[in-house]
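Please look through the sequence and the 3D structure shown here. The text that follows is a guided walk through them.

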Amino acid sequence: MKNNQVPVSIPDDLFFEILTCLPVKSLLRFKCVCQKWRYMISDPSFAEAHRSRSTAALLISVPDLSSPYMMSSLVSLKDGEARRPIVPVLPYHRNISQAVNGFVCIYQQYDPSLRVLLYNPSTREHVTLPQTAVANLRFRFHCITLGFDPSTKTYKILRVWTRGEGFNYEIFTLGGGAWRIIDDGPFDGLTRKGICLDGSIYWADNLVMRNSILAFDVGEEKFRSVPTPPGALTWKGIEWDMIEIDGHIAIVDFHDVVESISNVIIMWKFEDPINGVWSQKRIPLPEFCIPKPLTITGHRPLFVTSIGSGELTLIPGQFFSDWYVFRYNLEEEKARKEVFSRSPENDWNDDFPLIDFCGLYAYKESVISLREICRLL
């Protein structure tokens with residue numbers, strides 16, 4: 001530096017703004033630069049600001065047909081590239097919960113040990129949850145949903161499991177020590193994926209030929225019924241999805257599309273949870289968005305989610321030659337195809353073209369440390 005040059009001092013708030021725009025991979029390196037940066041990046045307010053600016057991505061679970069137990073592989077679709085993030089080893093892994101604040105739960109629906117891993121795909125950090133008292137008992141299956149109470153900043157994991165008739169419910173609070181039984185759970189099991197929004201977990205299902213929606217208050221740990229969309233036809237089989245779009249729960253029914261009855265999918269959006277108000281929108285799809293017939297029967301032909309404001313993302317249940325999705329802008333009523341190149345650093349096997357049932361997850365990066373949340377440091 002020349003003698004006449006004055007060192008440049010960058011204000012802390014500007015540093016904060018710059019760092020919140022960077023990917024988690026870079027932030028993990030920058031935490032080692034100095035103690036000041038480490039404290040800044042580790043602060044909860046920084047993590048929240050960073051997540052609000054992160055570009056949403058998709059996590060897709062695909063069956064690994066080369067593994068002896070049909071374990072699953074995760075594929076991340078973001079910024080035009082498909083990657084296979086490193087996932088902690090869990091024998092017979094087949095199931096992943098919906099992402100909440102950048103975290104997912106990994107488990108095996110039929111594993112008698114009932115093991116559950118909480119995983120941050122961005123930091124590759126994972127925590128194994130304590131075993132439940134009912135582990136290794138004979139049961140049919142268990143289903144895991146991750147929830148978050150924004151009023152207390154508390155994460156909770158809800159487990160539904162059954163052995164014989166009826167369903168059982170357990171809950172685990174991160175940092176709370178042990179699983180606890182919930183005695184007043186609904187008789188009908190929550191077997192589809194749940195979505196956590198504004199402190200409540202929502203499930204939708206078709207039980208005994210009737211539409212049903214349930215909600216679970218994460219803070220109060222209480223179930224409640226939610227009014228279904230008035231006039232909605234009975235949701236059939238696996239030809240519909242519950243999604244979050246623009247801060248609302250929505251039901252997307254694409255039965256007529258996959259059955260070649262019409263090119264229209266119907267979206268019911270829960271506009272006002274307090275008064276039970278739903279809106280309906282009919283969405284005509286262009287021909288190039290209609291899913292091709294599957295080469296293997298018994299799998300879902302189409303998945304629907306939302307990772308952008310005012311936009312639906314449609315993913316075929318089977319990839320043929322390219323990895324791609326369709327983006328549908330609800331306001332402009334226009335669709336486009338987005339193709340993803342496969343990262344050369346990953347070992348790809350073209351024998352895994354199918355998406356697992358309930359194997360699609362909207363996701364945002366998170367720099368939050370799992371061990372700090374679980375008080376394991």
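**Cores, sheet and helices**

The largest nonpolar core has 39 residues, and those with the most contacts inside it are Ile-157, Leu-174 and Phe-216. A nonpolar core is a set of buried Ala, Val, Leu, Ile, Met, Phe, Trp, Tyr and Cys residues joined through side-chain atoms within 4.5 Å. Buried means under 20% relative accessible area, exposed means over 50%, and partly exposed lies in between, using a 1.4 Å probe and protein chains only. Apart from this core lies another one, of 20 residues, among them Ile-243, Phe-254, Ile-265 and Leu-302. In soluble globular proteins, nonpolar side chains tend to be buried together.

This is a predicted model, in which local features need pLDDT of at least 70 and side-chain atom pairs count only at pLDDT 80 or more, while totals for chains, interfaces and linings use all residues. Residues are numbered from 1 along each chain as its sequence is written, and side-chain values use heavy atoms, with hydrogens and water left out.

Leaving aside its neighbours within four places in sequence, Phe-216 is in contact (heavy atoms within 4.5 Å) with residues including Leu-158, Ile-171, Ile-182, Trp-203 and Phe-223. Phe-216 also forms one aromatic cluster with Tyr-169, Trp-203 and Phe-223.

The structure holds 12 aromatic pairs. Rings of Phe, Tyr and Trp (its six-membered ring) pair if their centres lie within 6.5 Å; planes under 30 degrees apart count as stacked, over 60 as edge-to-face and the rest as tilted. The rings of Tyr-324 and Phe-326 have centres 5.6 Å apart and planes at 65°, so this pair is edge-to-face. Tyr-324 is buried, with a relative accessible area of 9%, and Phe-326 is buried too, with 6%.

The next topic is a sheet. Four strands in the order E16-E17-E18-E19 make an open sheet of 4 strands with antiparallel pairing. Helices (H or I, at least four residues) and strands (E, at least two) are DSSP runs, numbered from the N terminus, and two strands pair if DSSP finds at least two bridges between them. Strand E16 (240-245) and strand E19 (277-284) stand at the edges with a single partner strand each, so one side of each is left without a neighbour in the sheet. Of the 6 residues of E16, 5 are buried, so E16 is largely enclosed by the rest of the structure.

E16 pairs with strand E17 (residues 248-253) in the antiparallel sense over 6 bridges. Glu-244 has Ile-249 of E17 as its bridge partner, and Ile-243 has Ala-250 of E17. The hairpin of E16 and E17 has 2 residues between the strands, and Asp-246 in this hairpin takes a positive phi near 55°. Gly-247 has its place in the loop between E16 and E17, where Gly-247 is partly exposed, with a relative accessible area of 40%. Gly-247 and Ser-309 are 62 residues apart in sequence and 9.3 Å apart in space, C-alpha to C-alpha.

Another strand to look at is E5 (residues 104-107). Val-104 and Ile-106 point one way from E5 and Cys-105 and Tyr-107 the other way, and all are buried. E5 pairs in the antiparallel sense with strand E4 (residues 95-96) over 2 bridges, and Asn-95 stands opposite Tyr-107. E5 also runs antiparallel to strand E6 (residues 116-120), joined to E6 by 4 bridges, with Tyr-107 opposite Val-116. The loop between E4 and E5 contains Asn-101, whose phi is near 55°, a positive value in a residue other than glycine.

Lys-153 likewise has a phi near 55°. Lys-153 is found in the loop between strand E8 (141-149) and strand E9 (154-162) and counts as exposed at 56% relative accessibility.

Helix H3 (residues 35-42) has the buried residues Trp-37, Met-40 and Ile-41. These cover an arc of only 90° around the axis (the arc is that of the directions from the helix axis to the C-beta atoms), which puts them on the same side of H3. The face of H3 turned away from that side carries the exposed residues Gln-35 and Tyr-39. The buried residues of H3 pack against helix H1 (12-19), helix H2 (24-30) and helix H4 (44-53). In H4, the buried residues are Phe-46, Ala-47, Ala-49, His-50 and Arg-51, and what covers them includes H1, H2 and H3.
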